[in-house]
Amino acid sequence: MSAEPESSSLAFFRERFGLDDARLDTVLGTALERRLDHADLYFEYTTRDAVSLEEGIVKSGDRHLEQGVGVRVVDGARQGYAHSDEISVDSLQLAARTARAVAEGPGETGPVALAGREGRDLYPVSRPPTDVPIETKVALLSEIDAYARSLDPRIDQVMASVICQHKQVLVAAADGTLAGDVQPLVRLNVQVIAASGERREMGYEGTGGRFDLERLLDPEIWRPRVQEAVRLAVLNLEAEPCPAGTMDVVLGPGWSGVLLHEAVGHGLEGDFNRKKTSAFADRLGQRVAAPGVTVIDDGTLVERRGSLNMDDEGTPTERTVLIEDGVLTGYLQDRLNARLMGMAPTGNGRRESYAHVPLPRMTNTFMLAGEDDPEDVLRSVDHGLYIASFGGGQVDITSGKFVFSANEAYKIEGGRLGAPVKGASLIGNGPDILTRVSRIGSDLALDLGVGTCGKDGQSVPVGVGLPTIRIDDITVGGTEG
Amino acid sequence: MSGHAPLEAPLEARQAVERALEQVQRAGADQADALLLEGDSVEVRVRNGEIDVVSQARERVLGIRALVGSSEGFRSAVSSTSDLSPSAVERMAEETAALARATAPDPAAGLPDAGFTEDLPDLGIRDASDAGPTLEARIDVARRAEDAARGVDPRIANFEGTDVNSDTTRRVYGNSQGFLAEYESTSHGISCMPIAQENGSMQMSWWSSVTRRWCDLDDPTHVGRVAAERALSRLGARRVPTCEVPIVFEPATARSLLGHLVACVSGSSVYRGASFLANRLGEAVASERVSVVDDGRRIGGLGSRPFDGEGLPTRRTPVIENGRLASYLLDTYSARKLGMASTGNASRGAGSAPGAGPTNLWLEPGEGDLDAIIADTERGFLVTWLFGHGFNPVSGDFSRGAAGHWIEGGRLSHPVEEVTIAGNLLDMLRNVDAVGDDLLWQGSVASPSVRISSMTVAGE
């Protein structure tokens, strides 16, 4: 791709669909026939492919092409949205009239002057990952299968997949915004099942981001991931039932940051706070975490899965400080909620595809490192639980309650790791949990690029990160009373 | 649009399927199938009486599967495109065949040998009054639900929103064995999400009605009232000490347990050994009170369809009969892997190969309603809210967040939140000691109330 993603994306849509500025102006003019706050068009052309292996063979490949346009008209807090998989001026006009139908009140048409924007490129690739020959991806999966089986005789099943995406988007808005982006995304998944006697356990590991697929083909990159999946499955064969009750918990670095994402991040999204349905509503400037806790959402990190040059409303992404030294300092905003709350957009207006309205969403969300030696953090707990990695989590925004399932967890006995436990979950209260952080390690790590966040039925790729931290008195769900 | 070639007109639905089949076979596929989904949707969200979002869409997507034969079986690939211009369909057909040639042969792959559906019974899945109500009428329905919710109690002062949706889907499926058929279906829904507030704390809940015909929807005032009562009942919730007690699930949360069971009886997880129910056909895996049925031809069912994702007729399949594991849910591929026959449970989206999944699946009702089960419980926990993803189908380990009400002396004593419940699904199924008569359909998987004699509650 060129160093100017905006202009290359714009050229693509001009060439493919005959969209020139005058035509976009006409459609935006239709959308804005009466006086309204905002109107935008979101064009998307995405190719995606996936190859997957199980039972030792690559049984199937798939390839997808998604194209379409979404037209939105905003009046106050109201949004009219129409989308179509046909990108033609007729269908755009129809969609624009449909979207407009939601608005009320007289007004006049204003001229629209579109202006392209200079951009940055956080994720240049030498070629779209969907252009890499299928044979290359098949060969990688076969090597992974053989390697996984060579690591431990108890490995009974290996499932692996390579998923590639190349997404081109263009946003044209009534305020003159005209911005495009080319968004590559690659991902490798490895899942194994280890069997011993009657017992069978699973291990999963993955990695990815917005970079050339060639990087994942490097054995230095994929072998450690396969080792991890195998280690986890085998470890779980030995895991004991998890104790239940309130205890001190230490979270390991990296993917454990999904705790921030669920417990705090969602509650700081602009829509929930504008509607006052979040447990964090009206709490700007208040203490919501222990001193020393600083939480950031940063969409500008190079090549990360959660990064974007611009959000899906054409706003450049930013580094937003959500919590600074324990005090709530910011929300994540799209344009609509920022305007209604009298705040600035933060480049967090994201959507799954042209078929969805933008919502305030996270990008890469993490806690800054502290000064404690991670070993000391562990040693500080007499009896408790160490969670090295989580599976998924979920939050009830309104009550603030969240829950997570651990993938890898150990008892802590006398400041040292004890037996591995399975089926552990954590449950707590979002506005309260970070006030219980009593130690922050110096070892901030970001996850390996596997996060997907769901909200209102829309999935978007995200990143998370965390240093080793200690949380006092949190409820651990398990089966041993 | 001077300077540009005119855009090609997209293909009509049946034409697209026929063209795709012809072209993918010309490109080298020995077997093929194609699926076209055409959908119209309308969604209205009202919040606090005001319009929040109105969304309308028309979408079409074509899926193509190519199977290239060899002495060791078929090599296969799947593709999908929302660009239905003749040239895009042709290019996709060629790419799919080429992609298939790059994969490995698989002796179990291939279309069903025979048995494609010969009848297309009227399953009551299409609303004859098809166009549905106007936008204004939908907005009015949503407002009536919110008004009713607000009328229940002054503590209902805010809403996440109230949605009124309709979808119409046309599905055209054809394959190289000469099968070509289609059906249309509709669904309508109202969902209300009020927030109850008291002393600075907030609780949200929801209630919904989802049906094939608009006229069958519950009255919006009923939906609003139930949602409001559920949100109010959560106010003042607190944790309870960690303990082991009987757990009562109301229909809306019991259904979530059936969802976990579905993951464990679906053919793909069974042949991979990724289910604790693999190799257990015929065994007692649940209490005798448990009978689970899948039926793709339930009249008006939200999971009903005349034929499955491979063109085979849908049918009634007992999954668990009086506690005994009677059948898995199978598509042709997983059936061949297991040496069994398809149960007509192939589910398929345009962008994926067929997989096995449920149609309409439910737990057969027993006796007495939720109140009777509560009255019969000396001390326990009624679960009205389940969240989190803590279920492992390989081991059956279950540990999820829960909220609800404490039961003391056969009566609800106080609301509970911020606890987890944990156990193993096999033990949970075996420990079902009450099944209610209050089967509730809010989707394609449904359950009556259920009690499990003991699980671990983790709290204080």
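**A walk through a predicted two-chain model**

Gly49(B) sits in the loop between strand S1 (31–47) and strand S2 of chain B. Helices (H or I, at least four residues) and strands (E, at least two) are DSSP runs, numbered from the N terminus. This is a predicted model, in which local features need pLDDT of at least 70, side-chain atom pairs count only at pLDDT 80 or more, and totals for chains, interfaces and linings use all residues. Residues are numbered from 1 along each chain as its sequence is written, while chains are lettered from A and ligands numbered from 1 in the order in which they are written.

Stay with Gly49(B) for a moment. Is Gly49(B) buried, exposed or partly exposed? Gly49(B) has 13 other C-beta atoms within 10 Å, so it is partly exposed. The cut-offs are these: a residue is buried if 20 or more other C-beta atoms lie within 10 Å of its own, exposed if 12 or fewer, and partly exposed in between, with C-beta atoms placed from the backbone. Now look back along the chain to Ala32(B). Gly49(B) and Ala32(B) are 17 residues apart in sequence, and their C-alpha atoms are 51 Å apart in space. Leaving aside neighbours within four places in sequence, Gly49(B) is in contact with Arg143(B) and Glu146(B). Two residues are in contact if their C-beta atoms, placed from the backbone, lie within 7 Å.

Next comes confidence, given as pLDDT, the predictor's confidence in each residue, from 0 to 100. Chain B has a mean pLDDT of 95, and 98% of its residues reach 70 or more. In residues 1–6 of chain B the pLDDT is below 50; this stretch has 2 contacts beyond near neighbours in sequence. Chain A averages 90, with 93% of the residues scoring at least 70. Residues 1–6 of chain A fall below 50, and the model gives this stretch 19 contacts beyond near neighbours in sequence. Residues 104–112 of chain A are also below 50, with 15 such contacts. For the complex, the predictor gives an ipTM of 0.87 and a pTM of 0.91.

How do the chains meet? At the interface, 67 residues of chain A are in contact with 66 residues of chain B. On the chain A side, strand S2 (residues 57–75) gives the largest share, 12 residues. That side divides into 19 nonpolar, 32 polar and 16 charged residues. Here Ala, Val, Leu, Ile, Met, Phe, Trp, Tyr, Cys and Pro count as nonpolar, Asp, Glu, Lys and Arg as charged, and the others, Gly among them, as polar. Strand S3 (residues 78–84) of chain A runs parallel to strand S2 (residues 50–68) of chain B, and 6 bridges join them. In this arrangement Gly80(A) stands opposite Val54(B). Two strands pair if DSSP finds at least two bridges between them.

Chain B also holds an open sheet. Its 5 strands follow the order S11-S10-S9-S14-S19, with mixed pairing. Strand S11 (324–325) and strand S19 (445–446) stand at the edges with a single partner strand each, so one side of each lacks a neighbour in the sheet. Within the sheet, strand S9 (residues 292–295) and strand S14 (residues 361–363) run antiparallel, joined by 3 bridges. Val292(B) has Leu363(B) as its bridge partner.

Turn to chain A and its domains. The assignment gives domain 1 (5–238) and domain 2 (245–477); such bounds come from an automatic or database domain assignment. Their C-alpha centres lie 23 Å apart. Between them, 39 residues of domain 1 are in contact with 27 residues of domain 2. The domain 1 side divides into 16 nonpolar, 13 polar and 10 charged residues.

Helix H5 (219–238) is among the elements that give two or more residues to that side. Its 20 residues should span 28 Å at 1.5 Å a residue, and its end C-alpha atoms are 29 Å apart, which agrees. The expected span is 1.5 Å times one less than the number of residues. Buried residues of H5(A) include Trp222(A), Val226(A) and Leu232(A). The buried residues of H5(A) pack against elements including helix H4 (134–151), strand S17 (401–413) and strand S18 (416–422) of chain A.

Two backbone angles close the tour. Asp456(A) is not a glycine, yet has a positive phi of about 50°. Asp456(A) lies in the loop between strand S22 (451–455) and strand S23 (458–466) of chain A. Asp473(A) also has a positive phi, near 50°, but is found in strand S24 (residues 469–477) of chain A.
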